[in-house]
Every structure is written in structure tokens, then in C-alpha cells.
Amino acid sequence: MRLLTFSVLRNYKLKSFFFTHPKRLYSGVIQSKLDVKSGDTSLVEISETWKAEEEPDLRAAVLRDMQVFPDFVTEEEEQSMLAELEPYLKRMRYEFDHWDNAIQGYRETEKSKWSPENQIILDRVKALAFAPGSGSGEPLPHAHVLDLAGAGHIKPHIDAVRFCGDVIAGVCLVSGAVMRLAHAQKPHLVLDALLARRALYIMKGCARYSFSHAVLGADESVWKGRKVQRLRRVAVICRSQPHPQNK
């Protein structure tokens with residue numbers, strides 16, 4: 001199976017023509033989930049190799065642009081999303097020949113239609129990650145579902161601008177993982193983010209384009225000195241539409 005970003009590129013013009021960002025009123029329950037506008041800073045850690053006096057403005061920028069929101073979905077919401085996804089995912093096999101060699105041990109799909117209950121969750125993600133006036137742009141009409149095997153990992157890479165815009169927002173299901181960001185020109189400038197089960201992460205700006213990002217494999221998955229057990233992980237990822245000049 002080839003990475004679905006090829007189909008994103010092929011179908012983008014047709015899909016974007018029919019898609020407009022939904023304008024909907026959120027219930028009190030959804031609004032209460034949106035009261036926290038910034039992530040938990042304790043879930044993003046600067047490496048010891050990045051000295052405090054080095055590039056302080058860049059440090060502040062990447063901490064602003066890489067945010068993690070713990071317990072963004074409840075256990076019940078997680079089970080609801082998995083119940084909808086599993087019938088599709090279980091028919092696929094895990095792949096180890098990603099088109100640009102960035103991912104090992106994965107299966108994936110795209111999904112644009114959800115049950116009403118799960119659409120509420122996706123709307124909540126979009127309301128936080130693509131808030132009006134934030135400059136984040138409109139989200140793509142589909143979510144990218146990436147199922148990473150326990151033995152799988154994502155190698156360091158910087159996302160291609162022709163496939164999506166400035167913001168990606170992912171809900172982490174089934175288990176957690178450690179994401180590592182390393183500066184493209186100064187690779188000793190490193191930070192790790194703990195993407196716990198049921199958390200939402202939002203990456204934008206310099207976290208997307210000045211830093212590579214990777215999901216660490218089992219041997220490297222350590223958070224603040226403690227081993228993080230790598231199990232199967234499912235991420236439901238919303239992305240902003242690519243800028244017209246990058247299509």
C-alpha cells in the first residue's frame with residue numbers, strides 16, 4: 001500500500017472545491033473542552049544538549065508551536081472512535097516499505113465521514129487547532145488515520161508543504177509514544193514530547209518546518225528517564241489545507 005498523500009494530491013482540487021469549513025454551534029460540553037487554549041508545558045521537554053543560553057527565541061517559538069493537551073478525549077470517546085475505525089483497519093496489513101522510507105510498521109486510511117458522536121470529537125479538534133482568526137487556515141475535509149504497530153516507528157522528517165498547510169493536530173488512541181523534534185540545521189537542538197494515550201497534539205509554525213519530527217521506536221522511547229512501553233498506536237490527524245502556491 002502506498003502512502004495516501006499521493007491520493008491527497010491527486011484529489012485535492014476536486015475535494016477542496018466542494019469543501020467549506022463547517023460553521024456550527026458547539027454544545028456546552030464541547031465548549032468546556034475548549035476552555036484550555038494552550039497545552040501542558042510539562043509534556044514537552046528540552047534536551048540537555050540544548051543549552052539554556054543558546055537560541056532562546058527559537059526555544060520560545062518551538063515551545064509555543066508544539067503543544068500537547070492531555071486527556072483531550074475520554075475513555076468512552078476513544079472507544080467510540082476505535083469502534084468505527086477497527087473494521088477498516090483490521091482488513092489491512094502493516095507495511096514496511098513507505099514511499100519515502102519515513103515510516104516502518106504502519107497501516108493507514110483517510111476518513112471524511114464519521115458517526116455523529118465521533119464527528120463531535122473531530123469538530124472539537126478543529127475548533128481548537130484551526131480557530132477562526134488564528135491564521136491556521138482551513139482544515140482538509142478528511143482525517144488521516146495512521147495505525148503504527150508496536151514494533152513500528154516514524155523516522156525524522158519534515159512534512160512536505162505540498163500535502164498540507166501550517167497546522168497538524170492528532171488525537172492519540174490505544175497507547176502513547178514519545179515524539180522527538182530536532183532542528184534541521186542544528187541537530188543538537190532537541191526536544192521531546194510525551195504523546196500520551198487520549199492526548200491531542202498540535203504542531204505548527206517552526207515546529208513543523210524548522211524541526212524534523214519522529215515517533216521513537218521501542219528502544220529509544222524514554223521520557224524523563226523512564227522507559228515508555230511502545231504498543232500499537234492509532235493517530236487520527238487533521239491537517240490544514242496546503243497554501244495555493246505550494247500545490
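**Group meeting: a walk through a predicted model**

Okay, let's start with helix α5, residues 116-129: this helix has 14 residues and runs 20 Å from first C-alpha to last, close to the 20 Å expected at 1.5 Å a residue. The expected span is 1.5 Å times one less than the number of residues. Helices here are DSSP runs of H or I with at least four residues, strands are runs of E with at least two, and both are numbered from the N terminus.

Before I go on, this is a predicted model, so local features need pLDDT of at least 70 and side-chain atom pairs count only at pLDDT 80 or more, while totals for chains, interfaces and linings use all residues. Residues are numbered from 1 along each chain as its sequence is written, and side-chain values use heavy atoms, with hydrogens and water left out.

Buried means under 20% relative accessible area, exposed means over 50%, and partly exposed is in between, using a 1.4 Å probe and protein chains only. Among the buried residues of α5 are Ile-121, Leu-122, Asp-123 and Arg-124.

Now zoom out. The protein chain has 6 helices and 12 strands, and 51% of its 247 residues count as buried. Take contacts with a separation of 6 or more: 84% of those in the protein chain are between residues 24 or more positions apart. A contact means heavy atoms within 4.5 Å.

Next, the inside. The largest nonpolar core has 38 residues, and Met-66, Val-68, Leu-181 and Tyr-201 have the most contacts inside it. Another core lies apart from it, with 25 residues, including Phe-72 and Val-145. By nonpolar core I mean a set of buried Ala, Val, Leu, Ile, Met, Phe, Trp, Tyr and Cys residues joined through side-chain atoms within 4.5 Å. Leaving out residues up to four places away in sequence, Val-68 touches Leu-43, Val-44, Leu-195 and Tyr-201, among others.

On to the rings. How many aromatic pairs does a search of the whole structure find? There is 1. Trp-50 and Phe-211 are stacked, 6.1 Å centre to centre, with 25 degrees between the planes. Trp-50 sits in the loop between β1 (44-46) and α3 (56-65), and Phe-211 is in strand β9 (residues 211-215), so the pair links distant parts of the chain, 161 residues apart. For the cut-offs, rings of Phe, Tyr and Trp (its six-membered ring) pair if their centres lie within 6.5 Å; planes under 30 degrees apart are stacked, over 60 edge-to-face, and the rest tilted. Both Trp-50 and Phe-211 are buried.

Last topic, backbone angles. Most residues other than glycine have a negative phi. Glu-55, in the loop between β1 and α3, has a positive phi near 50 degrees. Arg-198 also has a positive phi, about 70 degrees, and its place is the loop between β7 (190-195) and β8 (200-203). Which one is buried, and which is partly exposed? Glu-55 is partly exposed, at 31% relative accessible area, whereas Arg-198 is buried, at 15%.
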